[in-house]
Amino acid sequence: GKHSSYVYLIGMALCSFFLSRTSNHVGWCQAGLEFFGSIQWTALNIVLSNHYGKCPSRFATSVTFLSFGGTFGTLLANSLGTMLLQTMHWRRVQELGAIVALVGACVAQYLLIDLPPSMDIPSNADGTKRSRDKQGVSVSSIVASLHHVLGSRLFWTAGIAHSIAFLARYSDRLLGTYFQEVTKLPGEVCGGMTACIGLGFAHGLITGRAISHGKDPNKKVRLLATRYARAVLAAVGLALCANTSVQTLFLSNKFFLVLAVCFCAGSMASSLSFQFYQLPPVVSSTFGTNKAVCLSFMDCAGFFLAAPIWGSASRIVSHSALEPHGWSVVWLMIACLFAIGGRLMMRAIPRVLTTQASEVSDQNSQTDYSKIIHLA
């Protein structure tokens, strides 16, 4: 985790620097930034899993703080980037981005601790301990890891469900246009309204502590099912707000329409926040030493499945035959997908939570037994 984060941050710095210098390969540099940035979430989750994986509540808390860091970091980058672009050329902003990436690489290399001191380190063939910083890999081990993950029904069920949660996480890319067409407000105001997605995700992380710190797997499943149901209702609410008949009810006071749209969008994000950030690390923990592969491929499935769905949504909205009901059709489609994703996750997560609870129970029993032996 530590070395992946370090190497990919160096890659981000190089891409950002080249982007500030080139005019012909902007697309490739942007693709490189997306590629090198995609590993950071997985790498840091693996580090947290190494430290706190044996205690689900502490692990969930650490992932929550990591999620807060990512959410507020994105908000800070957007706001600070906007201010910097008003005072300097965008190429200078890219150079600052390269410097920030290099600072992050130094932090990852010199301050991040990959493994806790108590974790056992694999041995070499001659019986000597391997370095904590360099663990050997081979082609056969990579193939075995891929086979273990990609051959698992649990991975595909949870991966497809996770891709549905991606729809909520990146819905702000279309919500600005949706807000503008529904509320008829200026574009700069509608762009600011998309902040309700970030706020909703932050709220969902805070309220999700009731799930992460719970001990009864069945109660956790019921709470998750409730959140998926809320997400479906929120998407239906956005579909109703896009309906012309509903909009006529708010002609006298547009404030209530804006409030309803923001509430539904924020509720949708809040309802899927815990699933988006917390469930992939929990599912990947069941794959043992292949958890990094599982977590990476779950994010990959999310990106590849969510992107064409939003692409189809754009085509539906712009289709002349569906006017003026394009947005209503899109959000009803999203509501159906949320229901399907929730159903898939409800089939995958009970076994994971039950296994996690039994492992915690075994660890507590071993701890109690060790205390008894020590007292004896």
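Hi everyone, let's start with a contact: Arg92 forms a salt bridge with Glu95, and their closest N and O atoms are 3.0 Å apart. Before I go on, please keep in mind that this is a predicted model.

Both residues sit in helix 4, three residues apart, so about one helical turn separates them. For those who like the geometry, an α-helix has 3.6 residues a turn, so residues three or four places apart point the same way. As for solvent, Arg92 is partly exposed, with a relative accessible area of 35%.

Now, what else does Glu95 meet in a salt bridge? The partner is Arg21, and here the N to O distance is 2.5 Å. Arg21 comes from the loop between helix 1 (2–19) and helix 2 (26–52), while Glu95 is in helix 4, so this pair ties together parts that are 74 residues apart in sequence. Through shared partners, the salt bridges join Arg21, Arg92 and Glu95 into one network. And how many salt bridges are there by this rule? The count comes to two.

Let's stay with helix 4 for a moment. This helix runs over residues 90–110, which is 21 residues, and at 1.5 Å a residue it should span 30 Å; the end C-alpha atoms are 31 Å apart, which agrees. Which residues of helix 4 are buried? They are Arg91, Val93, Gln94, Ala98, Ala101, Ala105 and Ala108. These residues cover an arc of only 150° around the axis, which puts them on the same side of helix 4.

On to the aromatics. A search of the whole structure gives ten aromatic pairs. One of them is Phe155 with Trp156, an edge-to-face pair at 5.1 Å centre to centre, with 75° between the planes.

Another pair to look at is Phe201 and Tyr277. Their ring centres are 6.0 Å apart and their planes stand at 85°, so this pair is edge-to-face. Phe201 belongs to helix 9 (residues 195–207) and Tyr277 to helix 13 (residues 254–277), so the pair ties together parts that are 76 residues apart in sequence.

Ring pairs link Phe166, Phe201, Phe276 and Tyr277 into a cluster. The charged end of Arg169 also sits over the ring of Phe201, 5.3 Å from the ring centre.

Take Cys196, which is in no disulfide: the nearest cysteine sulfur belongs to Cys262 and is 4.8 Å away. As for accessibility, Cys196 counts as buried at 10%, and Cys300 counts as partly exposed at 31%.

So, to take away from today: Arg21, Arg92 and Glu95 make one salt-bridge network, and Phe201 belongs to an aromatic cluster with Phe166, Phe276 and Tyr277.

Terms used. Residues are numbered from 1 along each chain as its sequence is written. This is a predicted model: local features need pLDDT of at least 70, side-chain atom pairs count only at pLDDT 80 or more; totals for chains, interfaces and linings use all residues. Side-chain values use heavy atoms; hydrogens and water are left out. Rings of Phe, Tyr and Trp (its six-membered ring) pair if their centres lie within 6.5 Å; planes under 30 degrees apart count as stacked, over 60 as edge-to-face and the rest as tilted. Helices (H or I, at least four residues) and strands (E, at least two) are DSSP runs, numbered from the N terminus. A charge sits over a ring if NZ of Lys or CZ of Arg is within 6 Å of the ring centre and within 35 degrees of the ring normal. The expected span of a helix is 1.5 Å times one less than its number of residues. Buried means under 20% relative accessible area, exposed over 50%, partly exposed in between (1.4 Å probe, protein chains only). The arc is that of the directions from the helix axis to the C-beta atoms. A disulfide is a pair of cysteine sulfur atoms within 2.5 Å. A salt bridge is a side-chain nitrogen of Lys or Arg within 4 Å of a carboxyl oxygen of Asp or Glu.
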